[in-house]
Amino acid sequence: MHTPYTADGRLPRFTAAAVQASPVYLDPAATVDKAVALIAEAAAHGASLVVFPEVFVPGYPYWNWTMNPVQGSPWFERLHRASVDVPGPHVDALRAAARQHGVVLVIGVNERVPHSLGVLHNTLLTIGPDGALLGVHRKLVPTWAEKLTWTGGDGSSLRVHHTPVGPLGALACGENTNTLARFTLLAQGELVHASCYIALPVAPADYDMAEAIAVRTAAHSFEGKVFSVVACSTVSPEIVDAVAGDDARVRELFARPRSALSGIFGPDGRPVTEPLVDDEGIVYAEIDLARCVGPKQMHDITGHYNRFDVFRLQVDNRPRTPVAFTAPEALFGAPEPPPFPLPAQRPVPPAGHQAAATEEDA
């Protein structure tokens, strides 16, 4: 585990950017282009860390909430065709943008896997300022209606990454309600937490999504004495037209206010600056990790303010695969490298490289 201190004995101080935006719905190449432009905009405002929403590329399966499973089945196929291979050209474009602008990037994608056409993962990519793919975290448990689309991940990706902005972890949406998942990151020394959400106007009538995001973000920041950067998507008119069509009831649901919140929260659980609710934009704030030290003297739940002789958390971080061969070389030749702990790295493409649309993206 790396020390968070820099070579000159200081803790990192930097500007973070939380992006609240809509994808170009079910168009991965155009959505990546939009993401690249937003990365450039954030970097121009001095951001060293840029966090995007959950499954930003190419969007969230809202039909799971508004249609029955039979009606929604063709949409699953559309999403699968528009999803992202890791590694692949869309990821290459994001890596190139991170390297070009020198930022640490966290962004959500729908990830395909080669072994099954029925598997999609809700995946968070963490990319370093040199373009290296540091982490591929697959959401452990799809929430409620999301189980119609996504397969759960495993414990191999619950990792904190040593970056120039400090020890960085990331969770997707409802995972930020999972106390044990959050503790797993904190116990690895996390000081900067990326929380990636989607706007959820289709939630039950008494559910305030903006408030729920704020409560969960404040809780993690206060409990762990960490900074949290929370990024949430928005619902564009294009998404409403695609999913709701001429259904007046569904269109009314999508118009519901307080469905998205993005911002930066400090180790006291309070917003560092005013969060952004519902509208597209980027929230900026300065993060000074030295602010994490003092509060930990009072409550350090991964140190003196715990009883590890009483409590013990064991995490199975082994990668889970659908089949394991005793002698794969004898049967099929040399096996492909496993997707975890990190996918195979391809050379970082030249700066300005854009993801080319493939036949699957059509």
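Me: Why does the distance between the end C-alpha atoms of helix α1 (residues 28-44) agree with its number of residues?
Reply: Helices are DSSP runs of H or I with at least four residues, numbered from the N terminus. The expected span is 1.5 Å times one less than the number of residues, so the 17 residues of α1 should span 24 Å. The end C-alpha atoms lie apart by the agreeing value, 24 Å.

This is a predicted model in which local features need pLDDT of at least 70 and side-chain atom pairs pLDDT 80 or more, while totals for chains, interfaces and linings use all residues. Residues are numbered from 1 along each chain as its sequence is written, and side-chain values use heavy atoms, without hydrogens and water.

Me: Which residue caps the N-terminal end of α1?
Reply: A polar contact is a pair of N or O atoms within 3.5 Å; within protein, one must be able to donate a hydrogen and the other to accept it, and residues adjacent in sequence count only if both atoms are side-chain atoms. At this end, a side-chain oxygen lies 3.4 Å from the backbone nitrogen of A29. The capping residue is D27.

Me: Which side chain makes a polar contact with the side chain of D154?
Reply: D154 lies in the loop between β6 (133-138) and β7 (161-163). A polar atom of the D154 side chain lies 2.9 Å from the backbone nitrogen of R320. The side-chain partner, at 2.4 Å, is S156.

Conventions. Helix = DSSP H or I, 4+ residues; strand = E, 2+ residues; numbered from the N terminus.
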